[in-house]
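Reader: Could you walk me through the model you have open? I'd like to go residue by residue and ask as we go.

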Amino acid sequence: MKKDPVTISLLCDYYGELLTDTQRRCIQLHYDQDLSLAEIAEREGISRQGVHATLSRAGAALTVYEEKLGCLRRARANQSAREAIRTAATRIAARGGPSETDAAAILEALSLMED
């Protein structure tokens, strides 16, 4: 399954230290700096086909790490939960009344999570 460039870049942020130095550099040059395979090949001193193979192996490794460890999946789920909590707390705060203090506490906790 081909992953979109943003996902590959995010996976590299989480699991890049588990890749070889060459794999990590190729991922960063291709997905973060938008260099072509030929440009990476010239910079790294390997063939264009070598860059392609390195990117394929690195992408496969990142996918396996995510399947086993799920860091990106959890981060996305946490982000979604924070957004849902923020929406609910904002609605509670807008209504006023005794729950206003609870809503403020929820919003404060969210701000701490985001730092």
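Author: Bearing in mind that this is a predicted model, we can begin with Tyr14, which counts as partly exposed because its relative accessibility is 40%.

Reader: And Tyr15, is that one buried or exposed?

Author: Tyr15 counts as buried, with a relative accessibility of 2%, and the cut-off for that class is under 20%.

Reader: How many aromatic pairs does the structure hold?

Author: The structure holds two aromatic pairs. In one of them Tyr14 and Tyr15 are tilted, with 6.2 Å from centre to centre and 45 degrees between the planes. Tyr15 also pairs with Tyr65, again in a tilted arrangement, at 6.0 Å centre to centre and with 50 degrees between the planes.

Reader: Where do Tyr15 and Tyr65 lie?

Author: Tyr15 is in helix α1, residues 5–15, while Tyr65 is in helix α4, residues 48–69, so their pair ties together parts that are 50 residues apart in sequence. Tyr65 itself is partly exposed, because its relative accessible area is 24%.

Reader: Which residues form the aromatic cluster, then?

Author: Tyr14, Tyr15 and Tyr65 form one aromatic cluster.

Reader: Changing topic, what about Thr7: buried or exposed?

Author: Thr7, which lies in helix α1, counts as buried, since its relative accessibility is 9% and the class covers values under 20%.

Reader: Which residues is Thr7 in contact with, leaving aside neighbours within four places in sequence?

Author: With those neighbours left aside, Thr7 is in contact with Leu72 and Arg76.

Definitions and conventions. Residues numbered from 1 in each chain as written. Predicted model: local features only at pLDDT ≥ 70, side-chain atom pairs only at ≥ 80, totals over all residues. Heavy atoms only, no water. Phe/Tyr/Trp six-rings, centres within 6.5 Å; stacked < 30°, edge-to-face > 60°. Buried < 20%, exposed > 50% of the residue type's maximum accessible area, 1.4 Å probe, protein only. Helix = DSSP H or I, 4+ residues; strand = E, 2+ residues; numbered from the N terminus. Contact = heavy atoms within 4.5 Å.
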